[in-house]
Amino acid sequence: DTLKINVLVNLMTEFSYQNYPDSVILYATQGLSLSKQLNYNKGYVQSSFYMAKAYYQKSFYKLSLTYFNDALETADKACDKEMKIMILNSSETESVK
């Protein structure tokens with residue numbers, strides 16, 4: 001159900017802004033799994049993006065880059081320009097390149 005994924009993304013967003021990376025990782029893991037099951041690319045990209053941000057906050061830069069690249073590749077395959085722009089404009093993305 002994409003509604004559940006959207007709720008998870010909202011939680012990821014909120015906890016990311018509040019600097020609670022462990023909570024973001026918890027919700028992003030659920031979002032990735034559910035998005036994969038439903039073949040919901042937007043949810044998968046958003047979950048990967050927030051997972052990358054959370055690992056960046058925890059100073060796991062290599063793991064962060066893996067999730068940023070995964071989000072970018074999925075957005076590219078889905079031809080989702082909006083998501084690609086969001087990922088490429090992220091300050092964390094610039095820092096780990």
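Is Asn-39 buried or exposed? In this predicted model, local features require a pLDDT of at least 70 and side-chain atom pairs a pLDDT of 80 or more, whereas totals for chains, interfaces and linings use all residues. Residues are numbered from 1 along each chain as its sequence is written, and side-chain values use heavy atoms, with hydrogens and water left out.

Asn-39 is exposed, with a relative accessible area of 65% (buried, under 20%; exposed, over 50%; partly exposed in between; 1.4 Å probe, protein chains only). Asn-39 lies in the loop between H2 and H3 (helices are DSSP runs of H or I with at least four residues, numbered from the N terminus). Although not a glycine, Asn-39 has a positive phi of about 55 degrees. Cys-79, in the loop between H4 and H5, likewise has a positive phi of about 55 degrees without being a glycine, and at 66% relative accessibility Cys-79 is exposed. Most residues other than glycine have a negative phi.

Helices H2 (residues 21-38) and H3 (residues 41-57) pack with their axes 8 Å apart, at an angle of about 155 degrees. H2 is therefore roughly antiparallel to H3 (angle over 145 degrees).

In the largest nonpolar core, of 23 residues, Met-12, Val-45, Phe-49, Tyr-50, Met-51 and Ile-87 touch the most other members (a core is a set of buried Ala, Val, Leu, Ile, Met, Phe, Trp, Tyr and Cys residues joined through side-chain atoms within 4.5 Å). H3 gives the most to this core, with 8 residues. Residues up to four places away in sequence aside, Phe-49 touches Phe-68, Ala-71, Met-86, Ile-87 and Ser-90 (heavy atoms within 4.5 Å).

Key:
Axes are lines fitted to C-alpha atoms, for helices over the stretch in contact, and angles run from 0 to 180 degrees between N-to-C directions. Helices (H or I, at least four residues) and strands (E, at least two) are DSSP runs, numbered from the N terminus. Angles under 35 degrees count as roughly parallel, over 145 as roughly antiparallel, 65 to 115 as roughly perpendicular and the rest as oblique.
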